[in-house]
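Visitor: I'd like to learn how to read an interface between two chains. Could you walk me through this one?

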2 protein chains.
Amino acid sequence: MKHIISVLVENESGVLSRVSGLFSARGFNIESLTVAPVGDKQTSRITLVTGGDGPIIEQILKQLHKLIPVIQVVNLSEGPHVGRELMLIKVSTERGQDKNVRDEIMDIVAIFRAQVVDATPTSLIIEVTGDNDKLHACLAMLEPYGVGEVVRTGQVALARGNRK
Amino acid sequence: MKHIISVLVENESGVLSRVSGLFSARGFNIESLTVAPVGDKQTSRITLVTGGDGPIIEQILKQLHKLIPVIQVVNLSEGPHVGRELMLIKVSTERGQDKNVRDEIMDIVAIFRAQVVDATPTSLIIEVTGDNDKLHACLAMLEPYGVGEVVRTGQVALARGNRK
């Protein structure tokens with residue numbers, strides 16, 4: 001089972017290394033992780049996605065709570081939540097001298113409510129957001145046109161309604 | 001100066017902790033970081049944003065290169081690039097029984113080309129993507145309506161054109 005763990009921390013040098021170290025010390029792979037400042041810039045929110053066993057996750061969460069710069073730890077997968085991520089995909093358009101090919105790419109962009117965020121004579125950069133499945137589907141549709149570099153943010157999530 | 005560092009790594013337990021540890025060992029604060037699998041799932045791309053001095057960054061990049069699971073290191077800030085991030089903002093709508101208030105919120109959503117990704121009787125979750133300035137501007141516009149939790153992915157970026 002996938003767990004989405006949200007950790008609010010004070011901005012201190014080394015906190016990310018310590019949080020991620022708690023997982024790797026147990027051989028737990030962190031599938032994705034994001035960290036960025038929120039609010040007053042004194043705090044950052046880490047969102048990490050990991051697979052694995054309930055009881056071991058519980059143990060890790062307890063240890064996270066004990067780290068000094070950690071303010072709050074929530075396992076968002078335990079209740080209703082909204083998870084989204086962003087992907088940038090570079091698509092080659094050298095073949096796109098052919099207008100049909102460009103049109104096909106733009107159709108895919110429209111279907112996935114994606115957007116073109118950069119264009120050069122030889123490439124487009126496409127931004128798409130959504131859940132994991134949508135991102136993979138969009139990437140699979142673009143692959144025949146020649147995909148270059150790809151970068152994903154990994155998932156961020158918030159609990160639905162007033163739940164924290 | 002802000003540096004956007006893109007690091008392609010093999011998916012090994014502990015790699016994130018080692019990469020982030022290289023920065024914290026020098027007292028360098030990582031402003032934001034994202035890591036997620038790309039391609040064949042054997043590799044992940046880390047994008048991190050950090051401030052600081054050119055020569056020290058150069059040193060850190062050299063040491064990153066030497067880490068075994070690191071395949072490629074690029075300082076994207078050294079050339080033209082496209083950087084984007086995603087933010088989820090929970091807005092209270094308890095006052096939103098008043099239709100005018102809901103309309104005002106939806107106007108802000110439209111102005112920033114944001115989208116509502118969840119709604120309950122007491123809250124909305126709004127997704128907005130763009131650069132740092134746009135995200136802050138959108139958040140500032142929503143604050144008077146009562147902002148709850150906020151989560152950001154941190155920036156991801158790709159080089160423009162055929163540059164890697």
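Visitor: Which side chain of chain B meets Arg84(A) in a salt bridge?

Guide: The rule for a salt bridge is a side-chain nitrogen of Lys or Arg within 4 Å of a carboxyl oxygen of Asp or Glu. Here Arg84(A) meets Glu127(B), at 2.4 Å from N to O. Across the interface of chain A and chain B the rule finds four salt bridges.

Visitor: What should I keep in mind about the model and its numbering?

Guide: This is a predicted model, where local features need pLDDT of at least 70, side-chain atom pairs count only at pLDDT 80 or more, and totals for chains, interfaces and linings use all residues. Residues are numbered from 1 along each chain as its sequence is written, chains are lettered from A and ligands numbered from 1 in the order in which they are written, and side-chain values use heavy atoms, leaving out hydrogens and water.

Visitor: How many residues of each chain are in contact?

Guide: Contact means heavy atoms within 4.5 Å. By that rule, 57 residues of chain A touch 57 residues of chain B.

Visitor: And what area is buried between the chains?

Guide: Buried area is the accessible area (1.4 Å probe) that two parts lose on being put together, summed over both. For chain A and chain B that's about 4,600 Å², with carbon and sulfur atoms giving 58%.

Visitor: How do the β2 strands of the two chains run, parallel or antiparallel?

Guide: Strands are DSSP runs of E, at least two residues, numbered from the N terminus, and two of them pair if DSSP finds at least two bridges between them. β2(A) and β2 of chain B (residues 30–38) run antiparallel, joined by three bridges. Leu33(A) stands opposite Val35(B) there.

Terms used
Helices (H or I, at least four residues) and strands (E, at least two) are DSSP runs, numbered from the N terminus.
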